[in-house]
Each structure stands twice: as C-alpha cells, then as structure tokens.
Amino acid sequence: MSKKVLIIGGVAGGASAAARLRRMDENAEIIMFERGDYISFANCGLPYYIGNVIDDRSKLLLQTPEDMKSRFNVDVRVKNEVIAIDPDSKSITVKKLETGDTYEETYDDLVISTGSSPLKPPIPGIDSPNVFTIWNIPDTDAIKGYLENNDVKTAAVIGGGFIGIEMAENLHELGIQVSLVEMANQVMAPVDFDMAQYLHKHIESKNVDLILNDGVKEFINTGNKTTVRTAGGKEIEADIVILSIGVRPNSQLAKDAGLELNDRGGVVVDDQLRTSNPNIYAVGDVIQVTDYINKVPTMVPLAGPANKQGRMVANNILGKSEKYNGTQGTSVAKVFDLTVANTGANEKTLNRLGKEYGKDYLAIQIHPGSHAGYYPGSQTLNMKLIFEIPSGKVLGAQIVGGEGSDKRVDVIAASIRFGASVYDLKELELAYAPPFSSGKDPVNMAGFTACNILDNDMETIRSEEIRDLDLDNTILLDVRTPVERTLGYIPNSINIPVDELRENLDRLDKNKTIVVYCAVGVRAWVAVRILMQNGFKVKNLTGGYSSYGALYYNDSEMISYSDGDISNSSQTPVSETTKSAPAEAAHPRQKITLDCTGLQCPGPIMQVYNAIKNINDGDTVEITATDMGFGADIGSWCRRTNNTLLKEEFDGKVTKVCIMKGMENQSVESASEFCAQGATAQQPAKEYNDKTMVVFSGDLDKALASFIIANGAAAMGRKVTMFFTFWGLNILRKENPPTVEKTLIEKMFGWMMPRGSKKLKLSQMNMAGMGTKMMRMVMNDKNVSSLEDLIKLAMANGVHLVACSMSMDVMGIKEEELIEGVELAGVANMLAAAEESDTNLFI
Amino acid sequence: MKLLIIGGVAGGASAAARYRRLDKDAQITIIDKGDFISFANCGLPYYIGNIVDDQKQLLAATPESMKESYNIDVKIRNLATEIDVKNKKVTVTDMDTKDTREEDYDKLIIATGSSPVKPPIPGIDGKNIFTVWTIPDAESIKDHIKKNSVKKAVIVGGGFIGIEMAENLKHLGLEVSIIEMSDQVMAPLDREMADLIHDHLKDQNIELVLGDGVKAFENDDKNTTVVTQGGKRIEAELVILSIGVKPNSKLAADAGIEVGERGGIKVSDKMETSAQDVYAVGDVIEVVDYVNKTNTMIPLAGPANKQGRIVANTIAGIDDFYSGTQGTSVVKVFDLVACATGSNEKTLSKFDMIKGSDYETITIETQNHADYYPNAEKMTIKILFNLPEGRLLGAQVIGGQGSDKRIDILSTVIRYNGAVSDLKHLEFAYAPPFSSSKDPINILGYLGEKFF
Ligand SMILES: Cc1cc2nc3c(=O)[nH]c(=O)nc-3n(C[C@H](O)[C@H](O)[C@H](O)COP(=O)(O)OP(=O)(O)OC[C@H]3O[C@@H](n4cnc5c(N)ncnc54)[C@H](O)[C@@H]3O)c2cc1C
Ligand SMILES: Cc1cc2nc3c(=O)[nH]c(=O)nc-3n(C[C@H](O)[C@H](O)[C@H](O)COP(=O)(O)OP(=O)(O)OC[C@H]3O[C@@H](n4cnc5c(N)ncnc54)[C@H](O)[C@@H]3O)c2cc1C
C-alpha cells in the first residue's frame, strides 16, 4: 500500500521532498500545498533580480506547478493555505485563497516546510507604502514596480544581514544612494566583529551610509518619502525603505497542532526530522537544528540545509531512517567587490556558550593572496580560523576577501565535517597552478600558523587586546620598514625592521613582554623566533597590522601615522621646497608606471614609496594594484606624505591611481596631463555640488569660458572656486590683458614642459553637458562683451578667485599686480576644495 | 650544527627558512647550481607569455634576502658533484672559478628536484629546441622568439607544462602545434575527460597531433622540421620539449643512497634517506601514493613545499610526518580549467581493479553556480570510488570558474578517507554567484547512493 503524503510549503524544502518522494516511490500520493502563487522559486536570486543583474524574471521560477505535475506527478495546489493540522485524525484543513472555501485532506505522513517570514515588529509607520520586505516573488515584483514607477534616488535598508547587504548592493548598482541601518555593532552576524570591520570599511568606500549600533524607532511617511528615525536620534529620508531585520519561523500551524516548539518558535525535530508527532515531519527554516560544532539546538535559515533536509525527509518517510547530523551554517555573500564566507562556530557563539579565548579555543588571522602573487589579479583573503585547544579541532572559519574566498571556506567546511584538526589542514593537498592558488594554499597556511601556536612555536595576541595592553610591562615592536608606518602604526610601538633585529636586541627589555607585529604576521614570526630563542617573552600579533588596521580603521586614537622619510628623501622638507621649486621644475617631467597587481599590502605602497623617492617634485607615478586596501588607503597616505593624488579609478578588480610627487607645487595641471587627464572629474567621496576650476591657460577664449562656466554654476547656487596658476594668473593681472604675454607663455612652455602641453579642447569642458548649458544660460542673461565684466560678475556672485602663490613665484608675479579680491593660496587649498566638489575642471 | 642543503628552490628553500625559525644558531648553507634560488618555476610559462611581465616577480627570494632575513648562506652557481655519506662531506664545484672544495655537514638535505627528459632523438640539440625549467631557459625562449620573430612553434608533449606553453605562445600570437605520443593530453585525466580538452584546444586553433611520437628533428639554418613516427613533418622556428621529467638523483645514487626503480630517492615518512643524517624532499624523491599506498613519483610544487617544512621539523626533533601524495593538480587551458586528484581509471587498471566490481565512477555535467545568475559556466565532474565501501579514490573536473574549488573539496575528502556517502552531507557556502543550493558535490553524493 502506497502512502499519502501531504507537504505544506512548496519552495526549497517542500519541493525537494516532493521530488525525492516521487523518485523513490512511483505510487505514493503526493500533494503539495503552497499559499503563495509560485513554487520552487529562487528566493536567493531575488535581490539580484531587483538589481537587474538577473534580467529575466522567468529565470527565478525554477519549476512551475505544471512542471511538477508532469515531471513528478505531484499534485501542486498553489494559493491553497493550510490553516489547521489535526494530528489525531491525521488531517489538515486547507483554505482556497481565491474563493475563501475550506476543505480537508487526510494524510499518512505530513511534511511541514513552511519556512520563515521576515520580521516586522510593531514600529510606528512600518506599514507605510514605501516600506518593503523581500521574501518572495510578489514582494520582489512590488519593489521592482515601485522602483520603476517612482523616482527613487535614496533608499534606507534596515538590517545588515546578508539579505540587507545584498539589497544595499543591488540598489546601489541601480544608482540609488543607500543608507544601511543596523542595530548591532556589525553587519553580517555570522562573522565576528573583527572580520565585519573589513566589510564596514568596504561598504563605506562605496558611499553607502552605514549606520551601526542604532535601531529604528519610527518611520514617518510623507507621501513618497519615508523618514527613518533611529533610536539614536538620526533621521534618514528615503524614497524607499527595505526591511530585512531577520526572520521568524512560520510555526503557528505546528504550534496550534500541539507540536513541540523551542523558545524561538522553531519546530523541534529528532535527528530523523520527525516532530513530536511521529507522522509529522518538518524541514527547512521552520525547524530547530543541532549546531554541528557545539551540539546545541539552534536555528539556521539557509537554502542548502533546507534542500538536504527535504530530500532526507522523503527517504525517511519511505523507511530509510537517515540521520541529519546538524548544520554548520556555511554561508557566503557577495558584498560589492568582496566576498564574505564562513563556516562553523564564530567567537560570539563560543563566548555565549561560555567558551573562553585562550582557554577553550584560539583564533588566528592571516592574509594570504588568492593565488600566486606574480600571476595577475591575485587578491587578498582575510582569513580567520578558530580552533579548540589543546586538541586543535577546527571549530570555524571566516573569510573576507576576493576571488577564491568561497573555495577556502568550502574546503574548511568539508574538513569540519570530517572532524578535522588544524594538523589536517596543513596536510591537505590542494590544486596548485599560479592562476588558482599558491604552493602553500591559504588553507595550508592557516593550518601551519595554527600548528605553530599549538606546538608552542609562538604565542599570539589579538588586535582587540591591544587596547587594554599594559604598556608598563609590554613593548610594542613594529618590525616593518619605516615607510610602511606611513600607512599607520600602533601608537606607542617602536620600530626595528626585522632585518635589523639581530643587531638591536639590546634595545629591548627582557623583563617586558614584547608584542611583535608586521604587516600580515610573516616577518613578525621570523622576529618572534629570533626573540624567543634569545630568551625574550614574546607574542605575535595575529594577522599583523593588516588585521589591526582593519579592526580600528575608524578609531583614530588607535592608529598613529608617520610621515615616513619621504619628505626627507627629497633633502628638504616639502614646505621648504616651495621656494626652490623653479630649479626643480627645470627637470624634464617624468612619469613612472608601476604594475603592482598581485602585490599585497604593503607591497604596492613600498613600490610607490621607492618610485616617489627617486623622482622630482611634480613628476608622477601611475600605479595599478589589486590589493583592496591600497585603493582605500592611498588617498590618506598621499595627504600625510604631502604628495598629491591626481586620480583614482577602480574597475571592480584593479585600482589605478596617479600620484604627483609633492603638494605645494606649480605643476598640478601639467602633471595631471601626464596622467592623460586633461579634464579630471574626481570621484567625490560624498555627494558634493561644489565646482573647482583650475585655470592654467591664459588663452582668452579659455579664460572667457572658465568664467562663463563659473558664473553659470554660481548662478545655479553652487560654491565655485577658481584656482589660477601659471599663465592663468595673467587673467588676474591688473593692467595687462592676458594676450600680450604670449611670448612669456611660450617661453615658459619651453622650459616647463619640454614635451609640450596638450591644450584642452572645449569639448572636454563640456562636463556631462553642463558646460554648454551653463554657458548658454549666462550668454543669454548677460550681454557678454569683456572678460573684465565676467570677472566682476563672478566676484559679485561669490566665486572664489584663488591665485596659486607657488606659481606666482615661478612667474615672478607680485601680489600687488593682481586685481583686488583675489585670495592667495597653495595647491593644497585647491585640492581641499576639489575634494568637496563634484566637478573639477582643468582649463 | 651545520645544515647543508643541495637545491634552493621549492623544497630546499622551504626547508631552510623553516629550519632557521626553529634553530637560530645553526649554520645553514644552500648550494644551487643555477643562477637563481627560490624562483617560481610554475610561473615560467606565463613569463614567456608576458602575462607575468617582470622577471623579478618570479623571485620569491634572492641569496641576499635569504641572508638578510634568515641568515642563510646561499651559494649559487655551485654544483654538488659528490656526497661522502661516511665522512659527511659534499664536494662542490664553483662553476665560475671551477674551484672544487668540500663542504661538511651535520645534516644534509637533498632537494635537487628533477630535470626535463631529453631522449636521444636525432637532432634534439638543435638551436631551436628548448626545454622550460629555469629562468635562463625562459629568457632564452623569450629571446629566441623576439630575435627570430618566431611565428610557428611545435610543442612536444601534452602534459601540463606543454599545455601551459601552448596557451602562452598562442597568446604571443604564434601558431602552435602539440605533438603527444599517447592518445590524450594531460595524463592525470582519463581519456573521455581529456577529450573535452582536445576539443577546446582545437577551438583555439591549436593543431593537435595525438598518438604519434617524434622520430627526428631536422635542423637547418633557420627552421626545425619535426618528423613524427607516423611520418608527419611540421616545420617550426621554435620547438618546446616537455615530455616529462626525471629525478636528479644520480648524486644520491652514486653515494650509495637507496633509490627506487624510477630513480626516486627512497625516504621514510620523516624524509630520511637510507644514509644517516641525509634527508631528501621534492621532485627527487619517491613518495607514497596516498590512495593506493604504493610507491610513485609525483613532481609537484605543493608536496615539495610541504616536505620541506616536514624535513625541517624532523631535523629539529619535532614530530611530523608525510603521509603521501595524491597528485592534486590543476591547469588552466585557455578558457577551461582541468583538474585532477587521486587515481584515475588508467591507474586503477594498473592495479588490476575492474570497473563494476572493484570500483565505480560517476560523471556529471553541471554548472558552477545557480544558472539564473549571470555567467554560469559548464563543468564536468568525474569521481571514482571503490566497491563495496564507496571510498573516494579520485576525481577529475573540467570546466570554467569554480572547477578548482570542486577538486579541492574532493581532494580534501580523499585526505580524510571519505566515501561517496559523505559527499551528500557536506555543507557548502551557497549564494547564487558562487554555487547552487545543491552543490555539484552534494549531487554526486546523491547519485552515488544507488551503488550501495
Ligand atoms: C532574498 C533572499 C535571499 C536568500 N539568499 C540565500 C542565499 O544566498 N543562500 C542561502 O543559503 N539561503 C538564502 N536564503 C534563504 C533560503 O531561501 C531559505 O533558507 C530557504 O528558502 C528555506 O526553505 P524552506 O523550504 O524552509 O522555506 P521557503 O523556501 O521559505 O518555503 C516556505 C513556503 O511555505 C509556504 N507556506 C508557509 N506557510 C504555509 C501554509 N500555512 N500553507 C501553505 N503554504 C505555506 C510559504 O508561502 C513559502 O513559499 C535567502 C532568502 C531570501 C528571502
Ligand atoms: C615550467 C614549470 C611549470 C610548473 N608548474 C607547476 C604547477 O603549476 N603546479 C605544480 O604543483 N608544480 C608545477 N611545476 C613543478 C614544480 O615546480 C616542482 O614540482 C617543484 O619545483 C619541485 O621542487 P624541488 O625543490 O623538488 O625541485 P626544484 O624546484 O626543481 O629545485 C631543484 C634545484 O636543485 C638544483 N640542483 C639540482 N642538482 C644540483 C646539484 N647537483 N648541485 C646543486 N644544485 C642542484 C637545481 O638547479 C634546482 O634549482 C612546474 C615546473 C615547471 C618547470
């Protein structure tokens, strides 16, 4: 006699169970009830459909009821909601949502796979028309429809779990300004705070406004806008709000049927996925599972486990008694250009269960490259491995990094299933060729590092412990090279490069504990071994400054900066080179190109440093790098070392930056031409509307054009700064019209830029059509006749006219020669203005 | 304590660096006959193809940096010619001065690697014929291509170096033919898997000559004509010879150290040779086939590195051992990735294992990630497992992105002596850009159920 099996819920768990049942038993009667319109859809793809990454809606529908019927002979009843289970009579009550009629259906076995639903707490205003949750196809259609029919410029995503982050990313990709509000101190709860910091920094670098440690108190809806008011008093106005603050199991049905639930509402099942009633099984998000690592009950709403359980429950209904051994919580998410992946236990969970760092477990961080550094495109993997002591059993792993993060987590996830220890990780034989890995794969490296600790080769300390370090009894020893300290160092640390350590041991006090760090932990390890063998008490900062800098990236008190010896290298400090610049400028301009792809931090910065050291002020270096940190840090590095960042571009994998040596220098414009940037529109850090213009041309038409644009922009209410350098200065001179200075200009061209300067075409000033538009506006308004009129108008409009003091020196122009109302300043000033501008014109 | 190491690349350099960390006082000396130490030989084909553009990028360390960071003495262009295991001395010739001296040791590590096979085929010493093994090799190939504006190359041997060379030479715009004696390229793969590579190579306009060996090279002033046993004649300005390697074990054998039948130095699981205080690691040793527990030779960088670390631990008295090599490997073949681990069917048949009674295979064609997410790529996975237990014996993956991930997972399972039935329980990271909610590895586990 074949069974009659009813399944409630037709997506991941339910559909898997149905398909498997049919494959195993051709004669069973299988009915699947789904209250929604669709079955077996790809919920995990929904955010990407909203972001147009997945363009075809039909791709999300993996199977239709008709498919299920024809392929598996499963009776699928969509828009049929199960409203009651009666375990005694082994029957359920079903409501047809289209008609409201109800009917009953009996079963031999019942599978509950009702999943979970997004939490919607009773926050005032939560039902506003532009506040959405995302869980199924209708939700997605609603969001997509809203985006299409409204002019959505800003979004607030509430909740920084993987769905929130995927939504933030996808909305961002649509050009929407996104704020992400998270109540906890971190996004992505499955990873620990130290790992989440990498994500925070990255999310912020994408101009997503990340608000942590703050919950929503209220939504105030005014027509098309909703203002999110947080408990901390922040107000974020958004055109759309996405709520993704967690899920709760859909277990009311089970509860009403008297089935056992845990205190979080999860259905309790045995290891064969049977509920407290022997004929009722449950799978997926709705059930409580065993935490595979800690063997305690937990809830892990993920698609992989739901699918596996669905299949297993089918086997068990047909008498197989397979066991579900628990869930590790292996997961992965793409976060803009990074991947975050994890498996097993994190420290937060271990601590909650009373496990202590140093006593029950240890955690290390390493930063290997995704593949051989010399092969293009290698990206850093920030890896954290957690293991039990003293056994070395692997408890969990977390990775935030580039390509190949998911691979390493999967390898460790598999190892955990086999009960592996860190000793096993170092033995794993993984596939190596330069495009894929290194002779020692990152997983091996994690194993080696952990074994070094367990075998007492090395004692470690974590970045988070540095804050409370007893500095009276501890020496913080930085064994990197001095130049790396320009990227930041731990306050109060002393610097002895590892290669000089052997000769400098007498500088260290044997009575104190020495905390050693380098960039990633490798050189520190060499130093630790030297120090240990010389009788010092030593600890290695796990993950080195890379981990430290990430943990404290937004805590200025925990990071000091050195300006290195970059300024010294050019003999005189930069501020003093100002006067001697003309002599320096006599050198032909140089441009150095550096390919630092594949090099990991601090590789790129070292290369930049070395290049800059050997060139003259005003020369430029163009660097391509794949190290994510490089792109994030280079701007501030330039500022601190008094060099000028001319451009920075990122194409998703490679960062390209152009740096000019020096700041207070005459040749920003020519240098920038060197970087093939006749007109540069710098990527603004925030939404700024200000305009900055650098006018270095003395040609009348260009002078006219620059003032016309300036006036136009000022008329549009923009703050405009015009920065005059070189022959552009002539425009501001009192007596002489700029045209008479031709010979001087030609002469200067001669000695300033032997290779000649490319003049700007007008079209290059046509910034996204703005130039022309503004010009026309001014031309119509005013009957433009003379440059003088335009200058007066500009000044009246509040346009700042700034003369470059540096190039005045060069040109031999005195302050008295300039018209009234002109400010004098250096390039730094202009750059400060440029940073707050959305348009920078070089004219 | 004086540690002497012969050979300073993968195995030797790893051993030296590791040993220094364990013993600050030891005198550590590396001698190497080449011009460079610790270089990335695996990067050479990509250096030739200008994918890696700077020779310096291939140098993980230099003699100077070894001295500075590790206080290790490195003597390059020094050839070890004789080992006296009784008196613990090695005879060394400085290749520049031709001076010969003796270096004594307390412990000796032989990490002399392997060398490309150059059989006595007529004409094999022609000036257009190269092997790819060292940086100078790569430089001469690059030079040769530039100076003679080479347009046509023949690659003899379709192993991973041959294939990588084919890709890189093609990348430089050369016309490329591959001649391979067996009926397939990439010996670690089974024939039907290799066919996927054959098709792909042909799609890339690589001329593929299978089942045919080279009989002679006919060199004239400019060109070399490769003449095959089958009578084919292919004229080219460049010939790359990549038909396999042999261990550099003569030094050891001459010293009376025991070597296996294929010339690999025999070592214990602690990397000890038959001579007291002499150890060996890397391509030059015979290893245990992790799956079949027989002796074999597997010249790969990963194992060499690991063995280097183990030998350092052994010498320092730390308990460590090497449990064998699976032969996990991966190679990029233009847009495809070909990977293998453990045994293939050819190996199993050598052990007289019969399909259906002693072992079974499952092959699936699948996608690397959710197919509704853009750019899903096709992937073919084959696994081999024994009967009746189902223990995983080997795997091969050919596909696009994510192929290396799947081979690494399967290699990991093999390391833990896992069975097909374990595959379905493995819990992988899933989001649409990375995988499917039923990862291909899980599917293999499901499909395997029917055999048990
Ligand atoms: C936007 C989004 C992205 C995600 N991304 C990922 C990811 O990248 N990786 C990952 O591992 N997981 C992801 N998940 C989670 C994953 O989708 C779930 O863990 C999985 O779908 C759970 O399967 P389930 O069968 O338990 O429940 P569901 O798949 O949620 O199915 C439950 C079904 O039951 C129906 N139902 C409920 N009650 C009744 C009733 N009384 N009568 C009839 N029908 C009922 C519901 O309508 C629903 O369709 C994502 C989820 C979402 C929403
Ligand atoms: C082109 C190429 C590509 C490769 N790609 C890969 C890959 O993608 N993945 C992979 O896993 N493996 C790859 N390999 C193989 C890998 O490089 C080797 O397995 C590994 O280098 C072996 O390390 P080893 O220390 O045993 O020997 P080697 O690295 O070869 O070092 C041996 C050294 O010993 C020196 N030596 C030998 N005899 C003497 C003597 N008598 N006196 C002094 N010095 C001596 C040699 O000059 C040499 O420098 C590749 C190899 C090549 C050549």
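Visitor: Is the crossing in which helix 10 of chain A passes helix 10 of chain B left-handed or right-handed?
Guide: The model is predicted, so that local features need pLDDT of at least 70 and side-chain atom pairs count only at pLDDT 80 or more, while totals for chains, interfaces and linings use all residues, and side-chain values rest on heavy atoms, without hydrogens and water. Residues are numbered from 1 along each chain as its sequence is written, whereas chains are lettered from A and ligands numbered from 1 in the order in which they are written. A crossing is left-handed if the near helix is turned anticlockwise from the far one by less than a right angle, and right-handed if clockwise. When helix 10 of chain A passes helix 10 of chain B, the crossing is right-handed.

Visitor: How many charged residues are in the contact of helix 10 of chain A with helix 10 of chain B?
Guide: Contact means heavy atoms within 4.5 Å, and on the chain A side A:Asp406 and A:Lys407 are among the residues that meet chain B residues including B:Asp404 and B:Lys405. With Ala, Val, Leu, Ile, Met, Phe, Trp, Tyr, Cys and Pro counted as nonpolar, Asp, Glu, Lys and Arg as charged, and the others, Gly among them, as polar, the contact has three nonpolar residues and two polar ones, while the number of charged residues is six.

Visitor: Which side chain has an N or O atom 2.6 Å from an oxygen atom of ligand 1?
Guide: Ligand 1 lies between chains A and B, with 31 residues around it, a residue being near if one of its heavy atoms lies within 4 Å. A polar contact is a pair of N or O atoms within 3.5 Å; within protein, one must be able to donate a hydrogen and the other to accept it, and residues adjacent in sequence count only if both atoms are side-chain atoms. A nitrogen atom of ligand 1 is 2.8 Å from a polar backbone atom of B:Tyr430, while the side chain 2.6 Å from an oxygen atom is that of A:Glu34.

Visitor: How far is a polar side-chain atom of B:Asp32 from an oxygen atom of ligand 2?
Guide: Residues from chains A and B surround ligand 2, so the site is shared between chains. An oxygen atom of ligand 2 is 2.7 Å from a polar backbone atom of B:Gly11, and for the side chain of B:Asp32 the distance is 2.8 Å.

Visitor: Which residue does a cis peptide bond join to A:Ile389?
Guide: Most peptide bonds are trans. Here the bond is cis, with omega about 0 degrees, and the partner of A:Ile389 is A:Pro390.

Technical notes:
Helices (H or I, at least four residues) and strands (E, at least two) are DSSP runs, numbered from the N terminus.
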